[in-house]
Amino acid sequence: MTTFTRDDALALDKQDKLAGFRDRFQLEEGLIYLDGNSLGPLPKATMERMQSAIAVEWGQDLITSWNKHGWMDLPRSLGNKIAPLVGAEQDQVVVGDSTSVNVFKLLAAGLKMNPGRKVILSDPGNFPTDLYMIQGLREFLGDDQVEMRLADETEVVDAVDENTAVVLLTQVNFRSGRMYDMKAVTEAVQAKGALMVWDLCHSAGAVPVDLAGCNADMAVGCSYKYLNGGPGAPAFLYVAPRHQDKVVQPLSGWHGHAHPFTFDLGYTPSNTVSRYLCGTPSVLSMRALEVALDMWSEVDMQMVREKSIKLCDMFIDLVESRCAGHGFELASPRDASQRGSQVSFGHEEGYAIVQALIADKVVGDFRAPNIMRFGFTPLYTSYVDVWDAVDRLVRIMDGKVYDQPEFKVRAAVT
Ligand SMILES: *Cc1c(COP(=O)(O)O)cnc(C)c1O
């Protein structure tokens with residue numbers, strides 16, 4: 001695509017049916033935000049909605065809001081808004097807690113659903129918190145009850161054996177963007193008697209997902225990345241209807257009780273997916289997430305995927321042609337069907353280059369040891385953004401701008 005010009009990019013933008021969504025986000029003029037895979041930007045409607053949630057629901061209606069404004073239903077009602085984005089049935093998704101906490105609940109439940117097996121299998125490229133939660137569960141239940149096993153992405157299915165209780169995989173790898181074939185992996189795992197738990201943190205709002213169609217057992221995901229729910233927005237979890245009332249998950253707080261307001265001394269779990277809830281919902285965060293999900297309800301995920309592939313392919317082509325000889329090595333699959341909605345390049349000066357890009361208003365991020373990561377979010381990223389981002393990268397590389405000392409100082413959050 002070396003003959004591709006900025007005018008070609010502008011022409012693609014003119015035909016883009018998703019272009020209208022950009023104005024729904026609070027994004028500074030000139031800023032090219034390629035980090036929506038880490039923290040999605042603010043939808044303009046969220047600000048107004050949050051003001052009324054604070055002033056009216058909390059400020060004025062106070063405790064009556066639990067009923068009057070549906071606060072109590074938020075974990076379920078938001079779950080139902082996430083369901084179509086991940087191919088789940090209605091009433092099988094709930095929102096609450098963080099992804100890490102939900103991983104713990106589902107792994108513990110999965111171990112109990114599959115007695116006599118103690119291995120939790122994952123891959124070493126998984127997001128570390130997922131692996132930390134396995135280790136925490138092992139610490140808590142003991143080595144005789146839990147064993148963590150890791151196998152590389154291409155070998156993980158073969159590593160499932162008669163001791164494997166649960167397989168926990170993140171569909172889209174956070175570093176490389178490499179994507180598992182959910183249906184094929186789920187089938188293979190289940191054929192060997194293990195349960196399949198998918199982490200959809202880099203999938204929800206990024207690629208079409210079909211949990212029910214894949215016959216997945218359980219899933220988790222977060223809402224502050226591609227879904228634009230806001231910093232620290234609550235996570236979601238899915239449990240297939242066939243498993244829902246099989247076991248009690250260990251964080252058996254009152255919001256998972258069948259009747260929280262009878263204040264019984266004994267724990268009677270809800271016989272719905274609500275038994276996977278724990279405590280009081282984070283109402284304000286959920287209100288923010290709700291605005292984003294209402295916007296997502298207008299979005300066709302197939303259109304998002306088509307544009308995402310074009311943006312990513314274009315970025316790869318432009319970087320490889322215009323920055324040839326500058327030492328970038330593609331760290332994502334070249335084949336779009338095996339890639340989520342991000343592109344990563346390895347470079348030994350990756351950290352400094354990302355800092356120089358940020359100073360030039362192209363926001364990507366860096367993941368140790370040498371990965372420059374760029375998320376492509378079709379709702380607010382245009383084709384000309386991709387062209388301009390690479391143009392600024394070319395200037396930074398040709399002029400060795402990244403060599404300036406201020407770009408080499410590591411901040412706490414990369
Ligand atoms: C972002 C991310 C998380 C985050 O977990 P939190 O508990 O919400 O901080 C977990 N898993 C994966 C795969 C992620 O990408």
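Lysine 400 is located in the segment after α11 (383-398); helices (H or I, at least four residues) and strands (E, at least two) are DSSP runs, numbered from the N terminus. Residues are numbered from 1 along each chain as its sequence is written. The model is predicted, so that local features need pLDDT of at least 70 and side-chain atom pairs count only at pLDDT 80 or more, while totals for chains, interfaces and linings use all residues, and side-chain values use heavy atoms, with hydrogens and water left out.

The phi angle of lysine 400 is positive, about 50°, although the residue is not a glycine. Lysine 400 has a relative accessible area of 48% and is therefore partly exposed; buried means under 20% relative accessible area, exposed over 50%, and partly exposed in between (1.4 Å probe, protein chains only). Lysine 361 also has a positive phi, near 65°. This lysine 361 belongs to the loop between α10 (350-359) and β11 (362-363), and its relative accessible area of 33% makes it partly exposed. Most residues other than glycine have a negative phi, and most peptide bonds are trans. A cis peptide bond joins alanine 368 to proline 369, with omega near 5°. Proline 369 sits in the loop between β12 (365-367) and β13 (371-375).

A polar side-chain atom of serine 98 is 3.3 Å from an oxygen atom of the ligand. For serine 100, an N or O atom of the side chain lies 2.5 Å from an oxygen atom of the ligand. A side-chain N or O atom of aspartate 130 lies 3.0 Å from a nitrogen atom of the ligand. On its own the ligand has 390 Å² of accessible area, of which the protein covers 87%. Accessible areas come from the Shrake-Rupley method with a 1.4 Å probe, and for residues only the protein chains shown count as cover.

The structure holds 25 salt bridges, each defined as a side-chain nitrogen of Lys or Arg within 4 Å of a carboxyl oxygen of Asp or Glu. Side chains of opposite charge can pair when their charged atoms come close. Glutamate 298 is partly exposed, at 49% relative accessible area, and arginine 24 is partly exposed at 34%.

In another salt bridge, the closest N and O atoms of arginine 339 and aspartate 313 are 2.8 Å apart. Here arginine 339 lies in the loop between β9 (329-330) and β10 (342-346), and aspartate 313 in helix α9, 26 residues apart. Arginine 339 is buried, with a relative accessible area of 1%, whereas aspartate 313 is partly exposed at 27%. Arginine 367 and aspartate 365 also form a salt bridge (3.7 Å, N to O), and both of these residues are buried. A network of salt bridges links Arg49, Glu57, Arg287 and Glu290.

Aspartate 61 is placed in the loop between α2 and α3 and, at 11% relative accessibility, is buried. Its side chain makes polar contacts with the side chains of lysine 68 (3.4 Å) and histidine 69 (2.6 Å). Leucine 62 is found in the loop between α2 (44-58) and α3 (65-68) and is partly exposed, at 49% relative accessibility.

How values were computed: A polar contact is a pair of N or O atoms within 3.5 Å; within protein, one must be able to donate a hydrogen and the other to accept it, and residues adjacent in sequence count only if both atoms are side-chain atoms.
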